[in-house]
Amino acid sequence: MNGTPQRIWGLVYRHLCMYRRSWPRLVEIAYWPTLELLIWGFTANFFSRDLHGGSPILAGVALVAGVLLWEIVLRAQIGVAFSFLEEIWSRNLGHLFVSPLRPAELVGALLSVSLIRTIIGLLPATIIAFLLYHYDVFAPGPVMVLFFVNLLVMGWWVALAIVALLFRYGAGAEALAWTIAFGITPVACVFYPLSSLPYWLQPVAQALPAAHVFEGLRALLLHGQTDWHQFAWATGLNILWTLAAVSIFGLEFRRARVRGALISIGE
Amino acid sequence: MEAIRVENLVKRYPKALAVDNLSFTLERGQILGLLGGNGAGKTTTISMLLGLLVPTSGRITVLGHDMAKNRFAALARMNFSSPYISLPGRLTVRENLEVYGHLYNVPKLKTRIGQLAEQFRLTELLTRPAGDLSAGQKTRVALAKSLLNQPDLLLLDEPTASLDPDTGDYVRTALEDYRVATGASILLASHNMAEVERLCDHVLMMKQGRVADHGAPEDLITRYGREDMEEVFLHIARSEAI
């Protein structure tokens with residue numbers, strides 16, 4: 001694996017050059033998280049202040065926190081899938097796959113670009129949350145980093161599964177890159193507790209790390225308690241889902257090489 | 001020692017047999033022409049040589065490495081150019097070459113890019129987005145990319161397609177010079193028979209996934225009693241027998 005950091009940097013550099021040259025792409029990264037935060041932030045203000053006639057209540061804070069943190073999953077997932085689709089759209093995959101770039105290095109580069117995109121995308125929303133809604137996402141302290149990491153990892157394994165589907169079904173499956181994570185939202189328990197879901201749907205939510213992260217987040221924000229039990233569940237599930245996604249990615253990459261799909265993936 | 005050794009290579013798709021028991025070798029320092037009509041199996045063969053495609057059966061050894069087990073060791077010492085695969089159009093020519101320089105771990109990258117830019121008349125184009133270039137300019141950039149890592153083996157798919165005669169001749173000379181200077185081996189897929197006659201030490205005529213004939217261009221011309229490789233190509237492509 002000699003030269004791995006340089007190869008990963010090479011592909012990250014390719015995406016940085018693209019963003020440096022395209023301001024609409026840069027704006028797009030931050031546009032949706034900021035818009036979501038504005039809509040839900042004002043909604044939270046309405047419910048917490050205007051309907052109760054007093055100072056903002058903690059439920060409003062939990063709602064804003066939910067919006068902000070769920071965006072980590074969405075941005076992380078879209079960051080990976082979009083970067084891979086960029087290679088398909090520019091018909092560059094042929095060159096990449098005949099270079100010494102290993103599949104693991106390709107994934108490493110996609111995750112690095114995703115991390116950069118997530119930070120850039122959430123920075124304006126984080127500042128707006130502080131200025132407009134008096135919500136400081138870092139106020140609970142270092143424990144928030146554990147929530148961030150778990151949500152980031154969840155976004156990544158969802159994205160790896162999507163890339164595996166792109167290997168299998170080609171660019172025709174690109175709609176999945178934009179829709180899958182949004183489809184998970186109802187069972188991720190971002191804005192309401194697990195107990196709000198119908199009984200039969202709760203096991204589905206419990207299989208997702210996000211549901212445990214947001215249960216833990218609400219415990220922290222509403223009761224000031226760090227729920228390590230929920231954190232352990234989220235971490236354990238993330239490990240399992242990551243292993244599953246990596247296996248599917250490896251399997252579909254191999255199948256694509258057998259079928260010849262790497263040559264025609266953009267068609 | 002061979003740069004490429006292909007033994008009993010087969011690629012079978014559910015509805016077609018693309019490559020049928022193909023065997024050949026490319027000696028170090030030689031240029032081998034891979035010829036054949038559309039659908040003869042050239043692209044499939046090149047894809048398998050590059051590790052893009054897994055053979056159904058058979059064995060490929062490139063620069064001493066078994067491609068089924070250790071393809072990345074071989075890929076680091078080879079390169080590929082085709083006008084049919086793009087480089088990212090929003091990146092400048094220099095940025096594209098930098099990206100691939102990193103992917104191939106090219107030492108003294110800035111110097112190497114300067115050398116190639118001069119060699120392929122790209123100096124003026126380095127700051128232009130690759131997507132804004134003409135087809136001929138893109139082909140020259142792709143060739144420069146393929147020589148970045150000073151490969152021991154170069155696979156070229158129609159390297160002078162869309163180049164004007166002057167630039168085409170310039171590129172052929174550059175490839176000959178590169179071969180002489182480095183002792184590199186080149187596998188060339190081309191429909192330009194004059195180019196094949198000029199560059200290739202040996203040619204492999206493919207038809208329906210198999211070797212229809214092979215030999216040095218001048219030997220094939222003599223054997224078939226023709227004027228040039230164009231006529232040999234047409235004779236083999238139109239004959240019923242394989």
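This is a predicted model: local features need pLDDT of at least 70, side-chain atom pairs count only at pLDDT 80 or more; totals for chains, interfaces and linings use all residues.
**Two helices crossing in chain A**
- If you follow α1(A) past α5(A), you'll find that the crossing is right-handed.
- On the α1(A) side, the contact is made by Thr4(A), Arg7(A), Ile8(A), Leu11(A), Val12(A) and His15(A).
- On the α5(A) side, look for Glu105(A), Leu106(A), Gly108(A), Ala109(A), Ser112(A) and Val113(A).
- Sort the residues of this contact by class and you get six nonpolar, four polar and two charged.

- An unreviewed UniProt entry marks "transmembrane region" at several places in chain A, including residues 106-133 and 231-251.
- Residues 106-133 of chain A are 100% helix and 0% strand, with the end C-alpha atoms 39 Å apart.
- Residues 231-251 of chain A are also 100% helix and 0% strand, and here the end C-alpha atoms are 30 Å apart.

**Where chain B touches chain A**
- This contact takes 25 residues from chain B and 27 from chain A.
- On the chain B side, α2 (71-75) and α3 (93-103) each supply at least two residues.
- The largest share of that side, six residues, comes from α3(B).
- By class, the chain B side has 16 nonpolar, six polar and three charged residues.

Methods:
Residues are numbered from 1 along each chain as its sequence is written. Chains are lettered from A and ligands numbered from 1 in the order in which they are written. A crossing is left-handed if the near helix is turned anticlockwise from the far one by less than a right angle, and right-handed if clockwise. Helices (H or I, at least four residues) and strands (E, at least two) are DSSP runs, numbered from the N terminus. Two residues are in contact if their C-beta atoms, placed from the backbone, lie within 7 Å. Ala, Val, Leu, Ile, Met, Phe, Trp, Tyr, Cys and Pro count as nonpolar, Asp, Glu, Lys and Arg as charged, and the others, Gly among them, as polar. UniProt positions are given in the numbering used here, feature names are shortened, and annotations may be inferred rather than shown by experiment.
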